[in-house]
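Welcome! Please take a look at the structure below, and then we will walk through it together, topic by topic.

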Amino acid sequence: MKEVYEVRMHGRAGQGAKSGSQLLAEAAFREGKYIQSFPEYGSERRGAPTVSYTKIADQVLRSHEPIVNPDVVMVLDFGIMRSIPVAAGLPDTGILIVNTKVCSAEIKKLAQFNGTLYGVDATGISLELLGMDTPNVPMLGALVKLTGIVKMESLEAVLREHFLPKIGEEKVQKNISMLRKGYQEVFK
Amino acid sequence: MGVRKAITGAEAAAEAMRQINPDVVVAYPITPQTPIVEQFAKYVADGIVDTEMVPVESEHSAMSATVGAEAAGARAMSATSSQGLALMWEIVAATPGLRLPVVISLVNRALSAPINIHCDHSDVMGVTTLGWIQIFSENAQEVYENLLLAIRVAEDTRVQLPAMVNQDGFITSHAVEPVEIFDDALVRKFVGVRSLNRALLDVEHPKSVGPLVLPDYYFEFKRAQEQAMSKVFEVYREVGTELSAITGKQYPFFETYRTDDAEAVVVVLNSAAGTAKVAVDAVRAQGKKVGMLKPILFRPFPYSEVRDALRHVPVVGILDRSMDFGAYAPVYSEFRNALWELDKKPATQSYIYGLGGRDIMTTEIEAVFEELLSGNLDPEHQRYIGLRG
């Protein structure tokens, strides 16, 4: 692992970019890593583009600067690629994961990224299993499949810890299924 | 050993408040309030603390009720940010004169106008002349520990002055980081209970609080307040030593990082100090001797200790996250003052950075070191980091 592993999540307010980056950070924290997770706040309202950061390291993270050259970029809504250069600072060797049914030529063009683009139908998975559009959890499954940056067990434990008091066992199970399906169904 | 948790700076402040278990917490619950009060209100609702939580209709009322509770003899706390502190100002000014050791958490954010909610030190720098103890925190861990420290320093019978514990808005308050929360029982023993020797509700010993004092004695009140402030240094050291027994850490007036042989030093408050440490390491890796000084106790200001720490340094760059329009910036002013006594003074340069939440990058601080080492200085004029052309 490089000194600081950096993940940037782009989404729309309400899609869970902030909680997604926090879940990822907490999973790494459970594995004994040092972490930072922070959103970039603008004029928050549902649907507005948001960005959120996760840093994971073996050493104490002292810098508080935002992520400029991420290792991974996750896009929770491919539509925002029309207005936000999501791949900015992402090296060609980096990983771009987009919530999409297909990695079509149009999606690739919108992403403006020369490296490998991965897709996962996070919205489809979420609608199918939970009946609502919360793409962050299946996206995290895809991230684990592609990078192994945290273990699935850690993410599942964090999901349980966070959501059990709020949404109960049945929906926690559905979220864990969404995570696993995202892991299984990520494609090039 | 404590428990490590992944929490935000705001939650770290709420954790400290949970362990302090104040008698009263008063807060205005709406923007610009921060998640500190939201989290603490959960502790109250869940019965984890037995605090009387009083939501009020404005920050002016919040500070007024906090002062009222503290005068009655309670341990009272509050939390606010930016415009909230501005609206509290009248009572913020009154609190030290009343000699009430209120402790509040301040999340440092920009003042209007233009409207902005992001990190900036304009809020706190507008109240540094009012007589509060001011403590700054680099990260969520320091927020937590500084609040525990502040309670004891403020309430010490030699001091009896209010204290404000600062953290950077969003960068610290909303960022999740690992924080070690120390043992509840040990911390509760450390914070103890507030002495009731000056309580208004102590009916056996009736007294007045906040009387009219005309030119006959106002001056003497203020002189006594200043003398109390001068006692903070020794009390801070003593309390810091006690807290060290729990945390294993040191509580200096300021932190120095690789300054011993440094030929250029950057001075910077709060979260940017962490970023500056990374910049120091990067510049050191190129064989250049640079270091960083992070003020922690900003009021009272430790002039002689700062002077001793920097007397050997050829050039010092002082970074401010607020401006004093038409005058030298607040942190720069203090350091320039502190160094003035020296026969052979370090050269100084004032920099303004990060207003209204403008990001400060490691590479920008590296560039500051390059400039300081180059000798291209203009101590009469402040320079700007990351300003758009």
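From the N terminus on, chain A runs β-α-β-β-β-β-α-β-α-α-α, which comes to 5 helices and 6 strands. Here helices (H or I, at least four residues) and strands (E, at least two) are DSSP runs, numbered from the N terminus. This is a predicted model, in which local features need pLDDT of at least 70 and side-chain atom pairs count only at pLDDT 80 or more, while totals for chains, interfaces and linings use all residues. Residues are numbered from 1 along each chain as its sequence is written, and chains are lettered from A and ligands numbered from 1 in the order in which they are written.

**Chain A as a whole**

- The radius of gyration of chain A is 15 Å, close to the 16 Å that the globule rule gives for 188 residues, so chain A is as compact as a globular protein of that length. (This radius is taken over C-alpha atoms, and the globule rule is 2.2 Å times the number of residues to the power 0.38.)
- Along the principal axes, the C-alpha atoms of chain A fill a box of roughly 40 × 40 × 35 Å.
- Of the 188 residues in chain A, 50% are buried. (A residue is buried if 20 or more other C-beta atoms, placed from the backbone, lie within 10 Å of its own, exposed if 12 or fewer, and partly exposed in between.)
- Among the contacts in chain A with a separation of 6 or more, 62% are between residues 24 or more positions apart. (Two residues are in contact if their C-beta atoms, placed from the backbone, lie within 7 Å.)

**Chain B as a whole**

- Chain B has 12 helices and 15 strands.
- Its radius of gyration is 21 Å, close to the 21 Å that the globule rule gives for 389 residues, so chain B is as compact as a globular protein of that length.
- Buried residues make up 51% of the 389 residues in chain B.
- In chain B, residues 24 or more positions apart account for 80% of the contacts with a separation of 6 or more.

**Two domains in chain B**

- Chain B is assigned domain 1 (3-247) and domain 2 (254-385); such bounds come from an automatic or database domain assignment.
- The contact between them takes 29 residues from domain 1 of chain B and 20 residues from domain 2 of chain B.
- On the domain 1 side, the largest share, 5 residues, comes from H8(B), which is helix H8 (218-247) of chain B.

**Where the chains meet**

- Chain B gives 19 residues to the contact with chain A, and chain A gives 16 residues.
- Strand E8 (176-181) and helix H9 (272-285) of chain B each give two or more residues to the side of chain B that touches chain A, and H9(B) gives the most, with 5 residues.

**A closer look at strand E14 of chain B**

- In strand E14 (residues 347-353) of chain B, 5 of the 7 residues are buried, so the strand is largely enclosed by the rest of the structure.
- Strand E13 (residues 315-320) of chain B runs parallel to E14(B), joined by 6 bridges. (Two strands pair if DSSP finds at least two bridges between them.)
- B:Ile352 in E14(B) is the bridge partner of B:Asp320, and B:Ile352 also stands opposite B:Tyr384 in E15(B).
- E14(B) and strand E15 (residues 383-385) of chain B run parallel, joined by 3 bridges.
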